[in-house]
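Here are my notes on the pockets and the ring contacts in this model. Have the structure open while you go through them.

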Amino acid sequence: MTATGRGPASGPPLPVVLAGARGHGRWHVENIRRLQEKGVVTLAGICELTPLTEDEFGGELPQQSADFGALLDSTGARAAVICTPIPTHTDLALTAAARGVHLLLEKPPAPSYAEFRRMADGVAAAGVACQIGFQSLGSHAVPAIRELVAEGAVGRVVGIGGAGAWVRPEAYFRRAPWAGRRRLDGVDVVDGALTNPLAHAVATALALAGSTRAEDVAGIETELLRANDIESDDTSCVRVTTARGGSVTVAATLCAERADEPYVMVHGTSGRITFWYKQDRVLLQRAGRGPEETRYGRTDLLENLAAHLTDGTPLLVTPDRTGAFMQVVEAIREAPDPAPLPDGAWHRVPGEERRVVPGIDSLVAAAADTLSLYSELGAPWALPAHHLPKEVSTR
């Protein structure tokens with residue numbers, strides 16, 4: 001069974017500037033091309049410190065400049081997609097907001113809660129629309145799961161689990177100066193498994209828990225570790241206690257034995273719902289009935305932003321709806337630096353130049369299944385669960 005979405009927004013194409021067209025920015029280039037063919041947007045300019053070549057871009061280039069503000073002025077852009085290093089997000093967002101330019105801002109929106117508030121408050125004061133790039137929250141599965149929960153399909157919810165077991169080579173942490181860093185030149189970066197590559201698992205779990213705003217978080221426990229020779233965590237878990245008393249536990253690694261699809265799981269007293277968020281696939285398992293699998297459609301977040309500006313369609317991922325995620329980022333930022341795993345706890349894969357933590361795949365799944373931290377599951381290398389729940393302030 002598949003759900004379908006609404007059509008594209010009507011009206012003239014929205015002129016867009018893309019800041020950051022390399023790396024993950026290439027995905028945005030292709031997405032903008034797709035929406036351009038539908039008449040939703042037009043690519044008015046690209047901001048890169050080193051200009052793209054036509055071969056690199058794959059066609060005729062729009063206007064380019066390393067000066068983001070000047071490019072917004074010269075192109076007359078109405079919206080900007082910001083896909084630049086994490087520490088640059090707030091200043092670039094405020095540069096656009098000061099010009100009345102609306103935003104799609106990549107995740108994580110900022111490297112600290114203070115920078116997030118500076119961005120969100122500045123954007124709100126400027127009166128521009130801002131969408132945060134958690135694409136999984138555009139999945140039609142999210143409201144469908146919420147409806148199943150509200151109907152009591154799995155009984156009373158007892159917690160939300162999340163699991164992400166990914167494979168990344170050592171070169172992944174050398175792809176950019178900020179990769180694998182907690183700080184760079186004295187500035188917060190807070191790259192890491194839970195805050196960047198598998199951030200969607202955290203944000204989606206919080207969304208299914210109905211706890212997306214900063215004030216929805218009461219406490220946070222973290223266990224941050226690393227097998228790679230980096231500053232940030234590559235094997236970590238977090239447990240969030242919500243203001244309503246619920247529990248959200250997410251485990252992640254970039255050192256898996258085998259790459260797997262990340263997922264979020266709703267645990268109920270009479271069943272469970274598993275959501276593979278990259279695939280928009282949902283499995284409902286409940287007492288007394290056979291399993292039911294559903295694939296859903298997805299609303300693209302840039303298309304949603306264009307529709308919002310054209311006809312007032314509500315934005316799917318406003319900054320306020322990522323406040324709880326940013327509380328997790330802040331807890332990770334304030335936590336002790338990730339502990340290096342002992343040499344015997346990991347090994348290199350011959351010919352692949354990547355590090356693997358044996359047994360981590362099953363530990364990640366067990367954490368999501370039991371809402372437990374690694375140390376509680378008896379991982380011999382895990383830190384004791386001494387990171388007591390951190391009281392969270394939303395001031």
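**Pockets and rings**

1. The largest pocket comes out at about 1,400 Å³. Of its 48 lining residues, Gly23, His24, Gly25, Cys83 and Trp178 are the closest to the centre. A pocket here is an open set of points on a 1 Å grid over the protein atoms alone, where a 1.4 Å probe fits, with protein on both sides within 12 Å along at least five of seven lines; lining residues have an atom within 4 Å of a point. Points are joined across faces, edges and corners, and the volume is the space filled by probe spheres set on them.

2. Before you go further: this is a predicted model, where local features need pLDDT of at least 70 and side-chain atom pairs count only at pLDDT 80 or more, while totals for chains, interfaces and linings use all residues. Residues are numbered from 1 along each chain as its sequence is written, and side-chain values use heavy atoms, with hydrogens and water left out.

3. What is the lining of the largest pocket made of? Its residues split into 23 nonpolar, 14 polar and 11 charged. Ala, Val, Leu, Ile, Met, Phe, Trp, Tyr, Cys and Pro count as nonpolar, Asp, Glu, Lys and Arg as charged, and the others, Gly among them, as polar.

4. The second largest pocket has a volume of about 310 Å³. It is lined by 16 residues, with Leu137, Pro143, Arg146, Leu316 and Arg321 the closest to its centre. Helix α6 (residues 141-150) gives the largest share of that lining, 3 residues. Helices are DSSP runs (H or I, at least four residues), as are strands (E, at least two), numbered from the N terminus.

5. Now the rings: there are 5 aromatic pairs (Phe, Tyr or six-membered Trp rings with centres within 6.5 Å; planes under 30 degrees apart are stacked, over 60 edge-to-face, the rest tilted). One of them is tyrosine 113 with phenylalanine 116, tilted, at 5.7 Å centre to centre and 45° between the planes.

6. Tyrosine 263 and tryptophan 276 make another tilted pair, at 6.4 Å and 55°. Tyrosine 263 is in strand β13 (residues 263-268) and tryptophan 276 in strand β14 (residues 271-276), 13 residues apart. The charged end of arginine 281 sits over the tryptophan 276 ring, 3.9 Å from its centre (the rule: NZ of Lys or CZ of Arg within 6 Å of the ring centre and within 35 degrees of the ring normal).
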